[in-house]
Amino acid sequence: MEGDGSETLVTIKNIERELICPACKELFTHPLILPCQHSICHKCVKELLLTLDDSFNDVGSDNSNQSSPRLRLPSPSMDKIDRISRPASQRRSLGWRGWKRSSLTPRTTTFPCPGCEHDVDLGERGINGLFRNFTLETIVERYRQAARAATAIMCDLCKPPPQESTKSCMDCSASYCNECFKIYHPWGTVKAQHEYVGPTTNFRPKILMCPEHETERINMYCELCRRPVCHLCKLGGNHSNHRVTTMSSAYKTLKEKLSKDIDYLIGKESQVKSQISELNLLMKETECNGERAKEEAITHFEKLYEILEERKSSVLKAIDTSKKLRLDKFQTQVEEYQGLLENNGLVGYAQEVLKETDQSCFVQTAKQLHLRIQKATESLKSFRPAAQTSFEDYVVNTSKQTELLGELSFFSSGVDVPEINEEQSKMYNNALINWHHPEKDKADSYVLEYRKVNRDEEMLSWNEIEVCGTSKVVSDLESNCNYAFRVRAYKGSICSPCSRELILHTPPAPVFSFLFDEKCGYNNERLLLNLKRDRVESRAGFNLLLAAERIQVGYYTSLDYIIGDVGITKGKHFWAFRVEPYSYLVKVGVASSDKLQEWLHSPRDAVSPRYEQDSGHDSGSEDACFDSQPFTLVTIGMKKFFIPKSATSANEPENRVLPMPTSIGIFLDYDKGRVAFYDMDHMKSLYERQVDCSHTMYPAFALMGSGGIQLEEPITAKYLEYQEDM
């Protein structure tokens with residue numbers, strides 16, 4: 001590995017940035033190769049591990065979060081470095097568990113690589129399992145020699161004064177001039193076979209030893225793990241089942257690939273230079289185009305300023321004209337009324353007429369004067385200002401323009417328009433909005449806009465929420481209102497057009513939270529309740545077979561009831577649930593506490609359908625009972641929703657059968673004694689009626705045969721995070 005200083009300088013003059021440690025930002029010192037193939041100084045690895053150790057042992061310390069692989073770290077004490085450098089087995093024998101996994105501390109072998117900024121696993125051996133990067137160390141040493149070319153390395157064996165050395169012997173760990181090297185390494189002797197390099201002060205053995213077997217030299221290469229190994233690793237170690245090749249074969253293959261790549265890059269040197277020139281031209285063009293874009297933007301804004309100034313002067317002129325006209329009217333009216341005062345105008349003239357004693361002359365003059373006085377008197381009785389003081393008609397309406405100006409931004413067809421996913425977006429206690437963006441990776445962020453839709457009032461402004469992902473929960477929405485949602489994507493300062501609007505209707509009342517009650521009338525032999533108590537299933541099997549004889553003679557199996565664990569005593573409430581499509585027969589609605597006592601404490605194996613005064617049955621019993629009763633249940637089954645029979649409904653059964661909605665909502669107005677059933681997909685009322693709310697009302701459910709009911713889960717931020725993780 002012989003070479004002079006000038007050749008070294010030419011070779012490495014442009015590779016300084018490749019020789020800088022990403023942790024300490026200095027030239028590498030004894031670099032180690034991490035599993036991610038990045039290199040880092042040996043002392044930097046120890047310092048980072050030591051810093052992590054201190055942060056885990058002292059979580060509350062202010063300095064625990066201040067360390068960064070990009071900063072130069074303080075030098076640790078020798079006892080701590082020794083503790084870090086010990087093998088894992090030795091650390092365990094000494095009782096040191098600073099790096100073992102527990103409920104409060106992370107994995108012991110995780111190390112943050114400052115090069116790629118990813119966590120890498122150092123394995124059980126820690127630092128001792130890492131190889132030294134001898135090649136990089138040699139290149140760094142060459143760079144150091146080139147950097148200090150003016151400072152010569154003197155011969156260690158010359159008599160004073162020493163001569164400048166020309167070679168350094170790696171076996172003797174000494175530097176020699178030409179004469180001394182010939183004397184101490186005579187031709188034909190063993191020393192003549194020593195390895196020598198150019199003048200250096202870095203003497204180290206260039207032998208890779210196996211980290212697992214410290215006495216074995218590296219002589220093989222594992223193609224699966226892509227790392228050098230020894231023959232013991234192949235025979236009975238961790239690489240026994242891996243594909244291993246000889247070191248000479250790996251050396252030859254990698255050297256050929258690297259040489260080929262280097263030759264390719266050297267052959268493309270002229271192309272690279274031309275591309276650099278092209279990039280410089282593009283930079284200048286970008287700068288010119290940027291300035292031109294700024295000038296165009298300024299021009300557009302100046303035009304807007306001119307329009308605003310023109311409209312401003314026009315509006316102010318109209319206000320001044322109206323003000324002058326009104327003031328003139330008021331002034332004329334003031335002058336007329338001043339004439340009614342004593343010693344002024346009409347009153348003074350009338351007083352002079354009253355002095356006339358000749359009756360005929362008085363009557364002749366006073367008749368016309370009386371009409372004038374009478375007219376003035378009437379004006380006093382019904383005083384009306386000649387003009388209005390209010391300028392409400394001249395208030396400038398800028399709401400629409402303000403909204404448009406608020407949306408003023410750069411428009412580019414290069415950013416695709418996001419699309420709101422209507423199937424994944426839903427409305428319950430909050431609104432969950434999901435959208436899809438064809439260029440998801442090219443968008444920096446999104447802006448979700450929403451506003452209440454009210455056609456009777458003035459158009460409301462949009463509310464904006466900045467979102468990093470592709471879904472968002474919107475809360476604090478008013479009940480029983482339509483809301484419009486739209487989204488646009490941002491890439492830097494460029495935004496896409498807004499997506500198509502999605503209209504969602506909020507529930508008619510606040511969402512009522514409850515679970516199925518497992519303590520009140522719950523029959524665990526026929527009903528199966530999950531652990532969260534938000535899903536119930538009917539076990540249609542053995543019990544149905546036992547009732548087969550009674551079914552044959554016209555009887556039916558009984559309904560199994562289950563209610564909510566929270567009652568309602570006032571106010572408006574709304575809840576929703578899903579009925580499984582395979583359900584045979586399910587009844588849902590509300591029932592009062594006194595009716596539940598009758599249902600749940602009078603068990604029957606089989607009942608006639610006419611026995612129940614069920615508001616959802618076709619038996620006609622509803623017509624015979626009171627218009628307002630202590631329960632209301634509707635029937636759902638076989639993927640159908642049955643509208644109960646009433647005096648106003650059509651007699652044909654097919655007119656009262658609807659497709660079963662995906663999700664069903666129930667709205668109870670306790671104060672007005674009214675219950676309604678909703679299609680949650682469109683927030684549309686399917687059926688409503690009066691109900692007696694003189695007692696506590698409970699959500700009531702009943703199942704016959706196989707079936708299942710799932711309560712809707714409220715939309716929360718936690719639920720959204722779970723959806724995003726999925």
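Visitor: What's the relative accessible area of Glu-688?
Guide: Glu-688 comes out at 40%, so it is partly exposed. Buried here is under 20% relative accessible area, exposed is over 50%, and partly exposed lies in between, with a 1.4 Å probe and protein chains only. This is a predicted model, so local features need pLDDT of at least 70 and side-chain atom pairs count only at pLDDT 80 or more, while totals for chains, interfaces and linings use all residues. Residues are numbered from 1 along each chain as its sequence is written, and side-chain values use heavy atoms, with hydrogens and water left out.

Visitor: Which residue forms a salt bridge with Glu-688?
Guide: That's Arg-674, with the closest N and O atoms 2.7 Å apart. The pair links distant parts of the chain, 14 residues apart: Glu-688 sits in strand β34 (residues 684–690) and Arg-674 in strand β33 (residues 674–679). Arg-674 is partly exposed too, at 30%. The salt-bridge rule asks for a side-chain nitrogen of Lys or Arg within 4 Å of a carboxyl oxygen of Asp or Glu. Strands are DSSP runs of E, at least two residues, and helices are runs of H or I, at least four, numbered from the N terminus.

Visitor: How many salt bridges does that rule give?
Guide: The count is 19. Another one is Arg-535 with Glu-580, again at 2.7 Å between the closest N and O atoms. Those two are 45 residues apart, with Arg-535 in strand β23 (residues 535–538) and Glu-580 in the loop between β26 (572–579) and β27 (585–592). Glu-580 is buried, at 18%.

Visitor: And what about Glu-137, which side chain does it meet?
Guide: The side chain of Arg-132, in a salt bridge of 2.8 Å, N to O. Glu-137 is buried at 6%, while Arg-132 is partly exposed at 29%.

Visitor: Switching topic, which residues form the negative surface patch?
Guide: Glu-287, Glu-291, Glu-295 and Glu-296. Glu-291 belongs to helix α9 (residues 269–338) and is partly exposed at 43%. Patch residues have over 30% relative accessible area and no salt bridge; like charges are joined within 9 Å, and nonpolar side chains (Val, Leu, Ile, Met, Phe, Trp, Tyr) within 5 Å. Asp and Glu count as negative, Lys and Arg as positive, with His and the chain ends not counted. A charge is placed at CD of Glu, CG of Asp, NZ of Lys or CZ of Arg.

Visitor: Where does the largest share of the nonpolar patch come from?
Guide: From α9, with five residues. The patch covers about 600 Å² and is made by Phe-301, Leu-304, Tyr-305, Ile-307, Leu-308 and Leu-405. Areas use the Shrake-Rupley method with a 1.4 Å probe, and for residues only the protein chains shown count as cover.

Visitor: What does Asn-430 touch?
Guide: Val-473, Val-474, Ser-475, Asp-476 and Ile-715, leaving out residues up to four places away in sequence. Contact means heavy atoms within 4.5 Å. Asn-430 is in the loop between β14 (426–427) and β15 (431–436), and it's buried at 15%. Thr-506 is 76 residues from Asn-430 in sequence, yet their C-alpha atoms are 8.2 Å apart.

Visitor: And the whole protein, how many helices and strands?
Guide: 17 helices and 36 strands. Of its 726 residues, 34% are buried. Among contacts with a separation of 6 or more, 62% are between residues 24 or more positions apart.
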